[in-house]
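Please read the following report alongside the sequence and the model.

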Amino acid sequence: MQTGNLLLLLVAMVAAAYYIGWQKSLAQARPLGGIRHLESLPFYYAMRAALWCAIPALVVLGAWLIFDDAIIQNTVMLSLPEDVRPATEGGRGLLLSQIQNVASGALAADSVRPEIAGAAELLRGLRGTNTMALTVVFIVVAMLGGAWGWLKIAPQLRARQQVEKILRVLFMLCALVAIMTTVGIVMSVLFESIRFFGQVSPVDFLFGTQWSPQTALRADQVASEGAFGAIPLFMGTLLISAIALLVAVPVGLMSAIYLAEYAHAKVRAVAKPLLEILAGVPTVVYGFFAALTVAPFIRDVGESIGLDVASESALAAGLVMGVMIIPFVSSISDDVITAVPQVMRDGSLGLGATKSETIRKVVFPAALPGIMGGILLAASRAIGETMIVVMAAGLAANLTVNPLEAVTTVTVQIVTLLTGDQEFDSAKTLAAFALGLMLFITTLVLNVVALHIVKKYREQYE
Amino acid sequence: MSETTAKVRKSLARRYRQEKRFQAYGILSIGVGLLALLILFTDIIGKGHSAFFEHYIQLEISLDRDVLGVDDASDDEQLNYANFGGVIKEALRERFPGVDDRQQQRQLYALVSSGASYNLRDELKADPSLLGGTRNLWLLADDDVDLYLKTPEKKRPEARLGDQQKQWIEDLEAAGDTEKRFNASFFSHGDSREPELAGIGSAIVGSFFTMIVTLCLSFPIGVAAAIYLEEFAPRNKFTDFIEVNINNLAAVPSIIFGLLGLAIFINLFGLPRSVPLLGGLVLTLMTLPTIIITSRAAIKTVPPSVREGALALGASKMQVVLHHVLPLALPGMLTGSIIGMAQALGETAPLLLIGMVAFIVDIPGGPTDPATVLPVQIYLWADSPEQSFVAMTSAAIMVLLAFLITMNTLAVVLRKRLERRW
């Protein structure tokens, strides 16, 4: 049976376990004189039976699905005679997919060697047995679990405590998903990066100024050496992020100051959510806007004043990205500015300072650490932003600081390297993971520092 | 008058000017932000509104048995192989006689969309008695013709069509044989290389399945994690570590989650590429931090008196949480989840890496069918060379924004309606 059907069946079995558990607890309570003589409410006995039915079965299913493919493939491989078995990892994968194609009927059995046809036959047989065995084991485990839960029901059983304990563990596992995600991210980028650095030296990667990741398919091909110097990518990322911050920081900061200190409550109630719409617009929309509206506009303006502007200029991507992160800067700055105690303003105003003097000389310095935290968060957002640059920035890795030329960024290269045909062992594909590692480390450091600053700042005035 | 007072008086005008200037900077900044928003929306709407309509051309078509190769119109098998293209070409030759040159004929045939034969087949299927007769029928125009008819009179000479083609179109228009209709296929069709046949139907269905998977996973896990961290977790280093993790994950670039999906879900666990199930898993991991953080904030707003009252009446800690705290915090959790889902709906970058950029014509039937999602469809169309795709892309963006605005409005309304002040 398919996994989906098995799960549906499990739902039915769990409901049945719940029902018989409920009935039994009531039956046990009746001679004692009502459910108040039970240790727990009938609900908990029923729930306990249901959990006993569900959890072991799900654990078995999960473990089975993780391991069955590997075991079956191994068995099939071992069944092949010694001389057919390929030595390399890649050859093994090729042979396996060939066997699978024969087994699924996509490849005619008489078009391959008899050993492989035999292996395909074996694979098909094993798969059938596997599904059958899984179905039987799954149902038996669920029934045994449910029966155990049902059998144990007795007036003295502390069912509530047990159910609550299980729930608590489940809740904790859910909280652990966050750690698992981080571990998953680190493992996925780290292991592939280590493999990449086995082929390309980290020094060349970090300090090389030449980026052309086209590795040759054959050894004798021209230009078979790909160059993996990531400096142009880092520079491009920094250039575009810097342009974005140059737009977003003044605009975001001044809007936040005006909204927090000057604006009428009604103006604030309208302008603030409107500005925050900018953060809710999907990045692919900004990318489209940058590539089809802003970039041609900048090129036309540049041409009219006699400047040579690339059609995928860093300026276009940076400007649009800046618009996108205005709300990040403004909303954090707004929070921080309103958190500055009123007494500080009153003191300054009382000494005769104007409102703007108070803001510039008292409020702003007091809020500065928090604002810096906000700007760092915005910077991390700009560095990791993908769609705008994929659609509006270039692909060629130019080492330049001229905003009118096309540059490429780390995220653009990750997307280009990993979409389309890929072989998983080539340095080209692995390079994307090394870039991902760089991106992850950079944004992680920025985030940790920023969150730390913001937190510390909050404590200061609380 | 003392010296200081005089000094202050003298500087007052300058200081007031400074004050005015400072305020003007503030207003200017807000203006810049709002102007950017305005330009963005008018640009998208200006480019996209025309894609909601498409043009049809009326032709007198004789459904000749011999040309079609059909002798029984109720036989589906025959209809599937019928030569509708030939019938349409003949009708075009009849309408504009005297086109003998092969090159010119090809240009003439290009006026009608290649999808028109399906129109014709459906018409015939619906009414088999049409076979053998002659009928005036409306056929879908090619995207270049459609674009030409949509361009205003003044700009038409610049259009990228042959002079002869322009003349034919003008003739048809003058004779009243062109008609603008609502583009229903835009919402029902899958992707296509022909702009007039392409639609966002499969992308919307793909997005729907992806969102279902995301919601079913991220809401329960997020709420459970929030409950654990707020109510049960002991205050120690390990809990702090979980919290730091969650806060950091909320700020990790989305593309990194794509790398995670590629390395762990596809290469390690062997999940198929391009399916909503996988997309949903990746987006779940991405939205979880948002949901956990907002859910915790919602739990925090429930006053301790509620917990203490329940505890005093003999409820266990778990009963307090599940029977009293959770129902009171649920509106806030829902709001946070809707906002998280809106984020996930607009997300593109991680999905590119897990292969959801495929060219999907068929509407996916479930979360394990290859699919694409609306933002990725927008990305794909934005890259297409045909000019009509610009309008289509903008129209798809309008649909996406409409969904997002609805979701966010829903979140705001929910919060206003259900939020309780203590």
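Residues 277–299 of chain B are 100% helix and 0% strand, and their end C-alpha atoms lie 30 Å apart. Here helices (H or I, at least four residues) and strands (E, at least two) are DSSP runs, numbered from the N terminus. Residues 389–414 of chain B are likewise 100% helix and 0% strand, with end C-alpha atoms 37 Å apart. In an unreviewed UniProt entry, both spans are listed under "transmembrane region", together with residues 21–41, 203–229, 249–271 and 320–342 of chain B. UniProt positions follow the numbering used here, feature names are shortened, and annotations may be inferred rather than shown by experiment.

The model is predicted: local features need pLDDT of at least 70, side-chain atom pairs count only at pLDDT 80 or more, and totals for chains, interfaces and linings use all residues. Residues are numbered from 1 along each chain as its sequence is written, chains are lettered from A and ligands numbered from 1 in the order in which they are written, and side-chain values use heavy atoms, leaving out hydrogens and water.

The unreviewed UniProt entry also places "domain: ABC transmembrane type-1" at residues 204–411 of chain B. That span is 76% helix and 0% strand, and its end C-alpha atoms are 21 Å apart.

In chain B, helix α15 (residues 317–345) packs on helix α18 (residues 388–418) at about 170 degrees, with the axes 9 Å apart. Axes are lines fitted to C-alpha atoms, for helices over the stretch in contact, and angles run from 0 to 180 degrees between N-to-C directions. α15(B) and α18(B) are therefore roughly antiparallel (angles over 145 degrees; under 35 is roughly parallel, 65 to 115 roughly perpendicular, the rest oblique). Contacting residues (heavy atoms within 4.5 Å) include B:Leu334 and B:Ile338 in α15(B), and B:Phe403 and B:Met407 in α18(B). The contact comprises 15 nonpolar, two polar and one charged residues (Ala, Val, Leu, Ile, Met, Phe, Trp, Tyr, Cys and Pro count as nonpolar, Asp, Glu, Lys and Arg as charged, the others, Gly among them, as polar).

In chain A, the axes of helix α9 (residues 283–304) and helix α10 (residues 314–339) come within 9 Å and cross at roughly 135 degrees. α9(A) and α10(A) are therefore oblique to each other. Their contact involves 12 nonpolar residues, one polar and no charged.
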